[in-house]
Amino acid sequence: MKTLTRSYSLLAVALGLLLGAGAAHSKTINVKTETTPLRVVTVTDGLKNPWGLDFLPGGKMIVTERGGQMRVVEADGTKGPALKGLPDIIARGQGGLLDVTVAPDFATSKRVYFAYSEPAKEGKGNSTAVAYGILKGDTLEDVTVVFSQQPKFDSTAHFGSRIVFTPDGNMFVTLGDRYSRMDDAQTLDNHHGKVVRIKPDGSVPEDNPFVKTEGALPEIWSYGHRNVQGAALHPTTGKLWTGEHGPQGGDEINLDEPGKNYGWPVITYGENYGGGKIGIGTHKDGMEQPLHKWVPSIAIAGMTFYTGDKFPEWKGNLLVSALRGQTLARLVLDGDNITHEERLLQKEVGERFRDVVQGPDGFVYLVSDESNGKIYRLEPAGKK
């Protein structure tokens, strides 16, 4: 959209209301990096604390807003209306409408999966749930809940939650410890502080690690987590990597393997807010060490492995969005070892980044968790 003179501003507003606010902006930001100059393009704005982003066939995007709205965004940035048909959602604190993932078979099933804060049927409790709906026009029809974190607990914090489909037809869901229930992360009779693995209909794969463990919930894949808001499959090994919020310090990237204990709150590289030790230190036999950590925290959120051809210098890198750090962290790998970190966009954009996704066009897309949230597209400068 071209910049208009002041005399045409009222006409521009009227046209915006008529045609639909949120179309692509011409504003771009040029950024120098260690590998290639970037152009940051604002695809759309006016989103209320967007949380998750995925792509529909044809280049359209589907995005969630934490307050409880989900909408389709055209490739040119034009926002559609809030979708109808969503279930009751508790939108308080960190809770609300969270991740969104288009089913691998969307072309035939039209299923869209999403995570949200589900209220208890009775009382004040809530927890993370995952459901799917059939996308028809501006409505999600036949919404079906496939997972509900147990037990319900009255909290506004640490919901997780990312959804990752795997080539074998299963799906991972990452979950938070609900903050004041942190000790639950070390026991297998609940879903607090866990990563779970389920089938798309919510049933449990027979080869889950705790299926035959007495007293354990069979959905559990790994445990000892705090608040996992990032998850992605390694493009070569197919293994799950997760990103986890630490307390005051101690954000982690983990190679998330079946049946393993990732230590929270017994071991951590962080400390209590305002200071004070948590647990016994940073190591304990039988508990996993992170592949990478941040001290102090940058509040990592969504993450993805870059596999496209628009940024050949980034191929195989892990991209991690951050909230407090207001950055996109680019992590260079050698096998499972993280050998280098570059932080991008802190000065040039300076917003809280909740999610990062590689688009089908090979460009990188970011959502900013702001009251006027945006979808950004990263392009190599000089290329379209």
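The largest cavity in this predicted model is lined by Arg226, Glu244, His245, Gly246, Pro247, Gly250, Glu252, Tyr262, Trp264, Ile267 and Thr268. A cavity is a set of points, on a 1 Å grid over the protein atoms alone, where a 1.4 Å probe fits but cannot get out, and lining residues have an atom within 4 Å of a point. The volume of the largest cavity is about 50 Å³; a volume is the space filled by probe spheres set on the points, with grid points joined across faces, edges and corners. Its lining divides into four nonpolar, four polar and three charged residues. In this division Ala, Val, Leu, Ile, Met, Phe, Trp, Tyr, Cys and Pro count as nonpolar, Asp, Glu, Lys and Arg as charged, and the others, Gly among them, as polar.

In total, two cavities of 30 Å³ or more are found in the structure. The second largest cavity has a volume of about 40 Å³. Glu252, Tyr262, Ile267, Thr268, Tyr269, Thr282, Glu288, Gln289 and Pro290 line the second largest cavity. This lining is made up of four nonpolar, three polar and two charged residues.

Residues are numbered from 1 along each chain as its sequence is written. Because the model is predicted, local features need pLDDT of at least 70 and side-chain atom pairs count only at pLDDT 80 or more, while totals for chains, interfaces and linings use all residues, and side-chain values use heavy atoms, with hydrogens and water left out.

The next topic is charged side chains. A salt bridge is a side-chain nitrogen of Lys or Arg within 4 Å of a carboxyl oxygen of Asp or Glu, and the structure has 23 salt bridges by this rule. One of them joins arginine 71 to glutamate 65, with 2.8 Å between the closest N and O atoms. Both arginine 71 and glutamate 65 are buried. Buried means under 20% relative accessible area, exposed means over 50%, and partly exposed is in between, using a 1.4 Å probe and protein chains only.

Another salt bridge is formed by aspartate 369 and arginine 66, at 3.3 Å from N to O. This pair links distant parts of the chain, 303 residues apart: aspartate 369 is in the loop between strand E23 (364-368) and strand E24 (373-380), and arginine 66 is in the loop between strand E4 (61-65) and strand E5 (69-73). Strands (E, at least two residues) and helices (H or I, at least four) are DSSP runs, numbered from the N terminus. Why does aspartate 369 count as buried? Aspartate 369 counts as buried because its relative accessibility is 3%. Arginine 66 also counts as buried, at 18% relative accessibility. Arg66 and Asp369 belong to a network of salt bridges that also includes Arg352 and Arg354.

Glutamate 379 and arginine 377 form a further salt bridge, in which the closest N and O atoms are 2.7 Å apart. Glutamate 379 is buried at 6% relative accessibility, and arginine 377 is buried at 17%.

Four strands form an open, antiparallel sheet in the order E6-E7-E8-E9. Strand E6 (97-102) and strand E9 (139-148) are the edge strands, each pairing on one side only. On average, neighbouring strands of this sheet are turned by 25° against each other, direction ignored. Two strands pair if DSSP finds at least two bridges between them; strand E7 (residues 111-119) and strand E8 (residues 126-136) have nine bridges in the antiparallel sense. Alanine 115 stands opposite valine 130 in E8.

The last topic is the backbone. Most residues other than glycine have a negative phi, and most peptide bonds are trans. Which form does the peptide bond from tryptophan 264 to proline 265 take, cis or trans? This bond is cis, with omega near -5°. Proline 265 is in the loop between strand E16 (251-256) and strand E17 (292-294). The peptide bond from valine 295 to proline 296 is cis, with omega near 5°, and proline 296 is in the loop between E17 and strand E18 (300-305).

Asparagine 49 has a positive phi, near 50°. Asparagine 49 is placed in the loop between strand E2 (38-47) and strand E3 (50-55), and counts as buried at 15% relative accessibility. Histidine 158 has a positive phi, near 60°. Histidine 158 lies in the loop between E9 and strand E10 (163-165), and is buried, with a relative accessible area of 5%.

Key. On a 1 Å grid over the protein atoms alone, a cavity is a set of points where a 1.4 Å probe fits but cannot get out, and a pocket is an open set with protein on both sides within 12 Å along at least five of seven lines; lining residues have an atom within 4 Å of a point. Axes are lines fitted to C-alpha atoms, for helices over the stretch in contact, and angles run from 0 to 180 degrees between N-to-C directions.
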